[in-house]
Amino acid sequence: MMEQSVAIDVSKLGKTYDGVAAIQDLSFQIRTGEIFALLGPNGAGKSTTLRILITLLRPTSGQATVLGYDVVRDADHVRRLIGYVPQERAIDRFLTGREHLLLLGDLYHLSKEESLRRIAELLKLVDLEGKADQPAKTYSGGMKRKLDIACGLLPNPKILFLDEPTLGLDVQSRLRIWDYVRQLRKRGITVVMTTNYLDEADQLCDRLAIIDGGRIKALGSPTELKSGLGGDIVSVTVGSAALTRVEPLASALKGLPSIRAISTKPTGLDIRVESPEKALPAILEAANRLACPVEFIEYHRPRLDDVFVAHTGHAIREEFPAAEEEA
Amino acid sequence: MNEYRQEIAALTMRWVRRLSREKFSMLFTLIQPMLFWLIFFGNLFQRAADVQVVQAPNYISFLTAGVVVMTVLNNGLAGGVDLLFDKENGFLERLMSTPIHRTSVILSRFLFVTTVTSLQVLVILGVAFLFGVTPATGFFGVAVILLIGMLFGVGLTAISMAMAFSVKSHGDFFSVLGFLSLPMIFLSSALVPLSAMPRFMAMLAVLNPMTWAIDAIRPLILTGWAEALRPLGIVLLIMVAFDALCLYGSAKAFRRAIG
């Protein structure tokens, strides 16, 4: 593999709030020109990590450099190289879109001409030219997000940080944002984002780190992570009357040559298999023999959700299995 | 230095823009103190107040100094509100992620609050003039009034911003604000001279920096330089000490929020 230069280097990073560790011992590198995601559930430590990288928080231990500059010692230098798109709609409702950008132009110490030139270009890029002189309170959620992104791009950053860029957006706006992010990569901008959407990490990112409980659980490209699981997944759902037979079924399958790993879920089993054409008959045969009625059987290539579960021991959103249990 | 000036100018301009967009709230913050206190309160107590006690030709001329300082108080204590909202919606984070000097946001706020307050003080003196109150020390006296107002305002604005950065919710902020503002007014010489207060209130009022500001401004309006110059030195000293104390107390909250 071709060695790419390192844009961000994080080493043994830790942050403690009032004695409670938000992140511990985080080490990873982000390469120049890639789209990198920190994937994890709420409270996993993604935002803490991002805030340290953009110099808004000081780490309690370890260190991080952005393009060679230390985020604590050379904070001012780091700030000159990055753009940031915050998670909240960090918009001043009383200012127009153009006024937001003009303000930031001055905060990045651009000359008036340079500022106006970039603003015209960015408004075009995010398709906000028509609304640029309306106060932001008249903007829809998607438009505010676009303005957010334009603000993040104004300094012409080498690295753009996006905190949950599509949180709460409708499908169209989401796809638009993904599209912008891909355009940025084409321009050579390194993009670092946090997300708790598996599909976003899967489809948009070159590489990702799965963060859970303040630690990195897995790191790699979506493809690497999925193939790293080894084997395809057979999902077996049994009838609610037969839930007691799930355990015996699992023990019966354990040790069969075509089966690599079995995990129990509330409604049945997830079975990682070597070759589905051998495994499927074996599973059905075992279920029959144990009088365990199979309600539904599904076979698929490993998905990022499987990767997440395999590394963290739980689904990224706990409410889904709970809802299934009720039903 | 040039960059610093560019940042502060842009940030201050933002506060001005916000104020000009909130026309309704601007009307109320600018008009309310003088309308309510000076015109209504001043005229209402015209006959109830004893001119012997207030040592002034009429109650309105006595009250003018109090209303000037009350305006400084209210504006100062509310000076952190916009930063509170910036903190809550993430705008502050956006500002702090840019390569600006860490003090620029706070300085722009001081600059804005001080300017707006000074303009308001001028309007109040103008309205008082319409009711026949002419500052005895003339234009230069008005300049000194503005100076005292600015010095008192800086400390208050510092407290307000520190509070905005420290509170958990904006409900807390407004409760503290409501709790502070009226007692500060009643436990000062704004409405009644110290000599006419119940003893325990007068004792507390002496500890209130607001009383010192008012008692320095009042002779500038009522009597003239001879009376006014005597307390001026000590009052300016007290104001500077008050500012130093407030800034020192706020420093930790500032560092945590923007450091």
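Colleague: What should I know about the numbering and the model before I start?
Modeller: Residues count from 1 along each chain as its sequence is written, while chains are lettered from A and ligands numbered from 1 in the order in which they are written. The model is predicted, so to speak of local features takes pLDDT of at least 70, side-chain atom pairs count only at pLDDT 80 or more, and totals for chains, interfaces and linings use all residues.

Colleague: Which domains does chain A have?
Modeller: Domain 1 covers 6–220 and domain 2 covers 230–301. The bounds come from an automatic or database domain assignment.

Colleague: How many Å apart are their C-alpha centres?
Modeller: They lie 42 Å apart in chain A. The C-alpha atoms of chain A fill a box of roughly 80 × 45 × 40 Å along the principal axes.

Colleague: How many helices and strands in chain A?
Modeller: Twelve helices and 14 strands. These are DSSP runs: helices are H or I with at least four residues, strands are E with at least two, numbered from the N terminus.

Colleague: Switching to chain B. How many of its residues are in contact with chain A?
Modeller: 20 residues of chain B, against 23 residues of chain A. Contact means C-beta atoms, placed from the backbone, within 7 Å.

Colleague: Which helix gives the largest share on the chain B side?
Modeller: α1(B), with eight residues. α1 (2–21) and α6 (91–96) of chain B each supply at least two.

Note on methods:
Two residues are in contact if their C-beta atoms, placed from the backbone, lie within 7 Å.
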